[in-house]
Amino acid sequence: MGGFALRERQEQELACRARRGDREALEELIALLYPAVFAYFYKNTGSYHGSKDLTQEVFIRMAAGIARYRPIKPFKSWLFAIASNQLKNHWRTLARRREGPLPCPEPAGRDPALAGIEEQAVLKAALGRLPPEQKEALILRFYCGFALREIAGITGAAESTVKARIRYGLEKLRKELTCDEPCKP
């Protein structure tokens with residue numbers, strides 16, 4: 001059995017134990033999945049401290065609602081549905097405050113030793129200019145490794161909608177990354 005299937009089975013077993021009130025299993029689940037949830041938020045928001053807060057809120061909600069988890073789908077998908085809802089709430093709160101996304105860092109100089117860092121900064125900045133739904137779909141697909149069906153379940157969107165969000169997001173990124181200056185939205 002591959003490493004992915006083994007890890008998924010481990011998550012399922014821990015989730016079932018946690019549903020029955022096993023506190024150690026709940027703590028193991030949190031330790032196992034915290035880095036992935038944090039990375040999801042960090043890639044979406046660019047804010048280290050904000051991502052810590054959002055991640056903490058997801059695990060509080062997970063712990064409070066673990067009894068409602070039904071092991072008919074992977075636990076990680078169930079958890080990321082909570083994270084997706086938390087991210088949507090975060091964007092709504094920012095919009096109500098009339099705050100925009102955090103400014104993207106300026107690319108580093110043209111020093112060849114910094115080329116990889118510069119490329120990462122340019123990609124991060126381009127991702128930051130995508131509509132939130134496209135950005136989330138791309139991050140779930142390419143950074144978190146979820147399949148289209150799983151992303152649809154996580155976000156509550158139809159699979160065809162997820163596919164379109166990914167396609168349009170990739171097209172915008174491709175256009176953005178081939179421009180000499182940042183393209184206008």
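1. Angles of 65 to 115 degrees between axes count as roughly perpendicular. In this predicted model, the axes of helix H6 (residues 132–143) and helix H8 (residues 159–178) cross at roughly 100°. H6 and H8 are therefore roughly perpendicular to each other. Their axes come within 8 Å. Two packed helices are described by the angle between their axes and the distance between the axes.

2. Which residues form the contact of H6 with H8? On the H6 side they are Glu133, Gln134, Ala137, Leu138, Arg141 and Phe142. The H8 side contributes Arg165, Ile166, Tyr168, Gly169, Leu170, Lys172 and Leu173. Sorted by class, this contact of H6 with H8 holds seven nonpolar, two polar and four charged residues.

3. As to overall architecture, the protein chain has eight helices and zero strands. Its pattern along the sequence accordingly reads α-α-α-α-α-α-α-α. Of the 185 residues in the protein chain, 35% are buried. When contacts between residues at least 6 apart in sequence are considered, 58% join residues at least 24 apart.

4. The average pLDDT of the protein chain is 84, and 83% of the residues score at least 70. Over residues 99–111, however, the pLDDT is below 50. Beyond near neighbours in sequence, this stretch has 14 contacts in the model. Where pLDDT is low, the predicted coordinates should not be read in detail.

5. How many salt bridges does the structure hold? There are six, among them Arg7 with Glu11, Arg17 with Asp22 and Arg23 with Glu27. Side chains of opposite charge can pair when their charged atoms come close.

6. Arg7 and Glu11 belong to helix H1 (residues 3–19), where they are four residues apart, about one turn of the helix. Their side chains meet in a salt bridge, at 3.3 Å from N to O. Are the two partners buried or exposed? Arg7 has a relative accessible area of 35% and is therefore partly exposed, whereas Glu11, with a relative accessible area of 3%, is buried.

7. In the salt bridge of Arg17 with Asp22, the closest N and O atoms are 3.0 Å apart. Arg17 is partly exposed, having a relative accessible area of 29%. Asp22 is likewise partly exposed, with a relative accessible area of 26%.

8. Helix H2 (residues 23–45) contains both Arg23 and Glu27, four residues apart, about one turn of the helix. These residues form a salt bridge in which the closest N and O atoms are 3.5 Å apart. Arg23 counts as exposed because its relative accessibility is 62%. Glu27, at 44% relative accessibility, counts as partly exposed.

9. Because its relative accessibility is 0%, Thr55 counts as buried. Which residues does Thr55 contact, leaving aside its neighbours within four places in sequence? They are Tyr34, Val37, Phe38 and Phe41.

Terms used. Residues are numbered from 1 along each chain as its sequence is written. This is a predicted model: local features need pLDDT of at least 70, side-chain atom pairs count only at pLDDT 80 or more; totals for chains, interfaces and linings use all residues. Side-chain values use heavy atoms; hydrogens and water are left out. Axes are lines fitted to C-alpha atoms, for helices over the stretch in contact, and angles run from 0 to 180 degrees between N-to-C directions. Helices (H or I, at least four residues) and strands (E, at least two) are DSSP runs, numbered from the N terminus. Angles under 35 degrees count as roughly parallel, over 145 as roughly antiparallel, 65 to 115 as roughly perpendicular and the rest as oblique. Contact means heavy atoms within 4.5 Å. Ala, Val, Leu, Ile, Met, Phe, Trp, Tyr, Cys and Pro count as nonpolar, Asp, Glu, Lys and Arg as charged, and the others, Gly among them, as polar. A salt bridge is a side-chain nitrogen of Lys or Arg within 4 Å of a carboxyl oxygen of Asp or Glu. Buried means under 20% relative accessible area, exposed over 50%, partly exposed in between (1.4 Å probe, protein chains only). pLDDT is the predictor's confidence in each residue, from 0 to 100.
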